[in-house]
Amino acid sequence: MREESTARNLQDYQVAPQPEKVVQAAPKVHSVKLSKFETVSIVGLSLLTLALMVALVSIKVSMTSSQNELDSLTNQISKTNTSNVNLRQEISELSSFDRFSSFAKKHNLKMSDNNVRNISK
């Protein structure tokens with residue numbers, strides 16, 4: 001039974017020849033000279049780009065400087081406003097009727113309604 005095997009005999013087959021690889025020639029590389037217009041355009045655009053970059057950095061620096069100055073002035077205004085409020089409070093406390101009354105009692109002063117004048121603005 002082994003003699004009647006369904007396996008094929010590999011010796012009966014021939015090896016097919018492999019096709020040869022075709023080597024392609026490298027494409028020819030040749031450079032084209034730039035015209036004067038193209039050269040001037042490239043240089044001009046490069047200089048324009050450089051000038052715009054410098055201008056952008058300059059504007060950013062001046063903007064940051066202005067922002068710092070604005071913050072400083074805002075801080076100074078805030079301190080001045082706080083100082084004004086504190087001084088108004090102090091004026092109000094110093095000119096209160098209770099303070100005048102206690103000062104008058106301390107120095108034996110009396111209030112006479114005959115000597116009081118009301119002044120309106």
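**Close-up views of a predicted model**

**View 1. Asn108 sits in the segment that follows helix α2 (97-106).** Helices here are DSSP runs of type H or I with at least four residues, and strands are E runs of at least two, numbered from the N terminus. This is a predicted model, in which local features need pLDDT of at least 70, side-chain atom pairs count only at pLDDT 80 or more, and totals for chains, interfaces and linings use all residues. Residues are numbered from 1 along each chain as its sequence is written, and side-chain values use heavy atoms, leaving out hydrogens and water. Although Asn108 is not a glycine, its phi is positive, about 55 degrees. Most residues other than glycine have a negative phi. Is Asn108 buried or exposed? Asn108 is exposed, with a relative accessible area of 70% (buried is under 20%, exposed over 50%, partly exposed in between; 1.4 Å probe, protein chains only).

**View 2. Met53 belongs to helix α1, residues 36-94.** Met53 is partly exposed, at 47% relative accessible area.

**View 3. Residues 40-59 carry a UniProt annotation.** The unreviewed entry lists them as "transmembrane region"; UniProt positions follow the numbering used here, feature names are shortened, and annotations may be inferred rather than shown by experiment. Over this stretch the chain is 100% helix and 0% strand, with the end C-alpha atoms 28 Å apart.

**View 4. Here is the whole protein.** Look for 2 helices and 0 strands. Of its 121 residues, 1% count as buried.
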